[in-house]
Amino acid sequence: MWYFIARRVLYAIPILLGVSLMVFLLLKLVPGDAADIMIPPEAPREVAAMIRARFGLDQPVHIQYLRWLQSMATGNFGTSIFTNQPVASELFSALSNTFMIAIPAVILGFSCGVLLGTLAALNNGTWLDKLFSSVAIAGVSLPHYWVGMVLVAIFAVVHNVLPGQGMGPEGFPASWEQIKHLVLPVVTLSLIPMGVISRLVRANVLEILSMEFVSALSAKGLRTRQVLLHIMKNATPSALALMGLQFGYLLGGSILVETVFNWPGSGSLLNLAIFRRDIPVLSAIILVLATIFVVINILVDVLQALIDPRIRR
Amino acid sequence: MLTEAEVIKRAAAGKSYWVRVRERLLVDRLTLSVTLLLAMIVIMVLAAPVFATHDPTISSVMARLKSPGYEGHWLGTDEVGRDLWSRILYGGRYSLLCGVMPVFFALLIGGSLGLAAGYSGGTINSIIMRSMDILYAFPSILLAVAICGMLGSGIGNTILALTVTFIPPIVRISETVTTQVRSLEFVEAARASGARPLSIVRFHILNNVLGPILVYATSLISISIILAAGLSFLGLGVTPPDAEWGLMLNNLRQAIWVNPLVAALPGAMIFITSMCFNLMSDGLRSAMDVRM
Amino acid sequence: MTQHWTGRCITGFVSMAWLGLAATTGPAIAQGTLRIAMTASDVPTTTGVPNNGFEGVRFMGFTGFDALVMWDLSKADKAADIVPGLAESWRQDAKDRKKWVFKLRRNVRFHDGTPFDASAAIWNLDRTFKQDSKQFDAQGSAINRGRPAYIAGNGYRKIDDSTIEFTTVRPISYFPYVLTTIFFVSPTAFEKAGNWAEFAKAPVGTGPFKVANFKPRISVDLLKNPDYWDKNRIPKLDKVVLFPMPEANTRLAALRSGQVDWIEVPPPDSIDGLKKAGYAVSINSYPHVWPWVLNQAKPGSPFRDVKVRQALNYCVDRAGLVTLLNGTAEPSVGFFKKTDPRFGKPVNEYKFDPALAKKLLAEAGYGSGKPAKAKIMISTSGSGQMLPLPMNEFLQQSMKQCGFDITFEVVEWGTMLVAFRAEPTAPQAVNSDAINISLVSSDVSMVVRWFFSENSTPKGSNWGHWKNPKFDELLLKMESATSQQEANQHLTKMHETLVDEAPWLWIVHDGNPRAMTKTVQGFVSAQAWFVDLTRVSLP
């Protein structure tokens, strides 16, 4: 087991190196560097040169890459070209804001998904199954940014029961006001995991139901509840793994929902950085999100291997 | 995934497998009606000039954001007074294009890479699969957004970005299936009898690998449509004056307070189309008896 | 950081428990707190050199800081002009017209209690102009010098504790206007902070508000400064909170759901509804142009021919465009507005006249079989860009009738800025024949900035490389004029040339609409890019 984990973790290193190289090359495709966009032509050349030098833009490409890699590896993500603030602090506060909606969203999506999927499978073929299955399929087919807009229109503007933008007051402990700000973005964000997980759970439960041991259990006269428990035990690992992956997708994919709700998370930071070509912020955020995704993947693999030892190859 | 017995069964069955798939599909009313609806959408969209009642680019300042039924605009008008019905038809061309093309390209590229990796194994397999792992490290929307954000907006870049996004999962699936099939006895036998690699691939592997990949690809189209529209929504996708559902949604959302119905229409079209693709994929999956 | 992070996560978990429940109570707000939603995508830099364009200066310049020369924002009925700020008075040297003497206001103190005097002023100028000073701020310097200052190398010095002298590169009759966007901060506070990134967290200026609680991308507070030097401009409000909200729909939702009291630029289509729902909507006439800057340098550009440029100007249905914008803009037929005394009497009075446009195009050699083809670079959004997509699509259609075949190169705002700062023939321009970029027309210095041939890119901001010897000659005369009257005479003639030679397609002047709740009192919609928040009050 330890050997499996170690191998899995070590393997992440070349992957991350590849990722960093790709991010860097992508950024080099940008027409015009960040200094071009920030420095008006009236500014004297020396000032422009100073800014370029400060961000290392005057160096050859491979040196720029190595320097950048070094700064990423040491967790010093450099300085934002626009705000002149350290990227690290901006990035981490943005990430924590995204976690704040992504974690509840994935939990909500997981609970609803498991519930809908199980109920659908247990009522296989009936109208209940059709209803729950259509809810699930709608969850994966809806453009969620559009749903967000509609939710804001209904709940924030027409009925004015929930705030439609921003994250409200800061600080801890959580106030009622903060929680209200979370509701709409969390619900919107939970649609996709809800759909995906419920479809998986339905399929898994159906499969387990069709297996012989379940019929055997029923035949042995076990009560429905115990049979159910057994089904859950068998269906949970894959659903949990999927939940982990969905969480990763939510982190990367929150950009659309954050735009709709003006949520100051990593997605809106990414959008902003693209918009103004703030390369230090842009590179850091893509790399960090990708790293988190890789780590989640490792965790999921390890978790699955723990539950089902056959996976350890 | 496939069990050996199943594959052999299918291979032995030959044509009759596809016959059975067709039979199963023909009795699946939901899949049939969804496919029919989808076919209708595709035909209407492709033949947009026939079905459109107006020029989709002609605007009228006096007739902006009118509700359905306004003076010859049976679906109403958009924010600069263009006929919404005609816009939706013409817009569908780009939306479907952005839905289908990336999946098609990804299928071509990813499918061949996966086949190559799975069939050859060894170093080639490692090289292909390890580079895919790198692409896999990006959550899909992030990768698409990053590529479009760097290369700039436009339909070509949108398709490129989504293609890159979809290649890794397709490679993975085709590689897994190919590896499984490759090790089966009848393929080994073909190899031993000195058949050329290409013909082995064509006759034995392709036959067994195509099903799962196709099923997976149809479900990707739904994601592709939503993502492409999402990119346009962020201002990174299709550029005006081309009509595209995501872009229309982006422009019309300013009008959600003035005429919510009109503003919601492009979103509804995205929803309906992507739902159709999802349901069709489900139908195909059960008909082809593919487990993912 | 970790603790903070955990806290937020727990907040997220707790919210799960409450999900589905919704209370109807609104947030409690301290009295006298005005909440404003800006169009900027971020909180403008708080270091006294605001970024995010002139909107940044509007909310993060004249609020927390003062300039030597400021704008009189107390009147809505005429174009705003300059008034003394941190300088009490100034005068141009009668003999050497490159020298200007500024008398500083006495007894002005920074928010930290240290005095504002000539040494502090020089220290601040060094921040922008002296590259080896420890307070030199490269980014800030780029912004400050991007709004051209015309100050010669070492062109400023302290004469005594309350007098400083500037030397300009050439005689600049409008020099005081140039100083309106250079703000002054406390040197002591910078010494304490150590660098500008730290200073940004607790900035110290002399302005009517104190900047506090800076949360990047989320909000920033402006607190009342009860000791402000101008007793007439001590804020009536206790606090202003600024929120960046780049999405027009988000701003609208925020206003309508009571999360803010004031929004900049509501979507034009929402204005009727806002009025009906009891919000106050102000549409302001302010010096802003939304043009196409025409490329004169690219070989093959149809706009090298003045006849084509004029034809283009006769081919815009400006009234229709204003209707499209729900009256939030006014037609533009020149750099200045038609009511401006400096507008002059140009030969061409542009209106929508397809027949005349066709005639002019025919004279230039274009006809029915040969449309005038042009590619315009437009952005998807951006500061002051209004609604670039529908507006340009409308123009495209209106121009079709006259024989123009217009196509678009759609780019993001950032890409457009890069292109606008490069030469019109550079690859960044992607072969465009024009750029649709909104530009400031606040004062004379801007005429020089956009149209003087010596300011052609990449040296300056004349992107189209338009060059007109007569105009340049008038411009130099205007710069060396000895009286306001004489300068204005030349300026009027310059403007007439601008209209007739049409280096730009004049389209509309933005009305910078803003909407606020009826409880917001005392707001004066000055004819300027800036607003005076000190007059505003809440019941």
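User: Which residues is Ile285(A) in contact with, leaving aside its neighbours within four places in sequence?

Analyst: In this predicted model, Ile285(A) is in contact with Leu91(A), Ser266(A), Leu269(A), Leu270(A) and Ala273(A). Contact means that the C-beta atoms, placed from the backbone, lie within 7 Å. Residues are numbered from 1 along each chain as its sequence is written, while chains are lettered from A and ligands numbered from 1 in the order in which they are written. Because the model is predicted, local features need pLDDT of at least 70 and side-chain atom pairs count only at pLDDT 80 or more, whereas totals for chains, interfaces and linings use all residues.

User: Which members of the largest nonpolar core touch the most other members?

Analyst: Ala102(A), Ile285(A) and Ala144(B) do, in a core of 351 residues. A nonpolar core joins buried Ala, Val, Leu, Ile, Met, Phe, Trp, Tyr and Cys residues through C-beta atoms within 7 Å. Helix H5 of chain A, residues 87–122, gives the most to this core, with 18 residues. Helices are DSSP runs of H or I with at least four residues, strands are runs of E with at least two, and both are numbered from the N terminus.

User: What makes H5(A) mostly covered?

Analyst: Of its 36 residues, 28 are buried. A residue is buried if 20 or more other C-beta atoms lie within 10 Å of its own, exposed if 12 or fewer, and partly exposed in between.

User: Why is Gly194(C) called exposed?

Analyst: Gly194(C) has 10 other C-beta atoms within 10 Å, so it is exposed. The residue is found in the loop between helix H6 (187–193) and helix H7 (196–199) of chain C. Its C-alpha is 9.6 Å from that of Lys134(C), although the two are 60 residues apart in sequence.

User: What makes chain C as compact as a globular protein of that length?

Analyst: Chain C has 17 helices and 20 strands. Its radius of gyration is 24 Å, close to the 24 Å that the globule rule gives for 539 residues, so chain C is as compact as a globular protein of that length. The radius is taken over C-alpha atoms, and the rule is 2.2 Å times the number of residues to the power 0.38. Along the principal axes, the C-alpha atoms of chain C fill a box of roughly 70 × 70 × 45 Å. Buried residues make up 57% of chain C.

User: How many helices and strands does chain B have?

Analyst: Chain B has 12 helices and 0 strands. Of its 292 residues, 55% are buried.

User: How many residues of chain C are in contact with chain B?

Analyst: 23 residues of chain C are in contact with 20 residues of chain B. H13(C) gives the most to that side of chain C, with 6 residues. By class, this side has 10 nonpolar, 10 polar and 3 charged residues. Ala, Val, Leu, Ile, Met, Phe, Trp, Tyr, Cys and Pro count as nonpolar, Asp, Glu, Lys and Arg as charged, and the others, Gly among them, as polar.

User: Where in chain C does pLDDT stay under 50?

Analyst: It does over residues 1–30 of chain C. pLDDT is the predictor's confidence in each residue, from 0 to 100. The mean for chain C is 88, and 94% of its residues reach 70 or more. Where pLDDT is low, the predicted coordinates should not be read in detail.

Note on methods: Contact = placed C-beta atoms within 7 Å.
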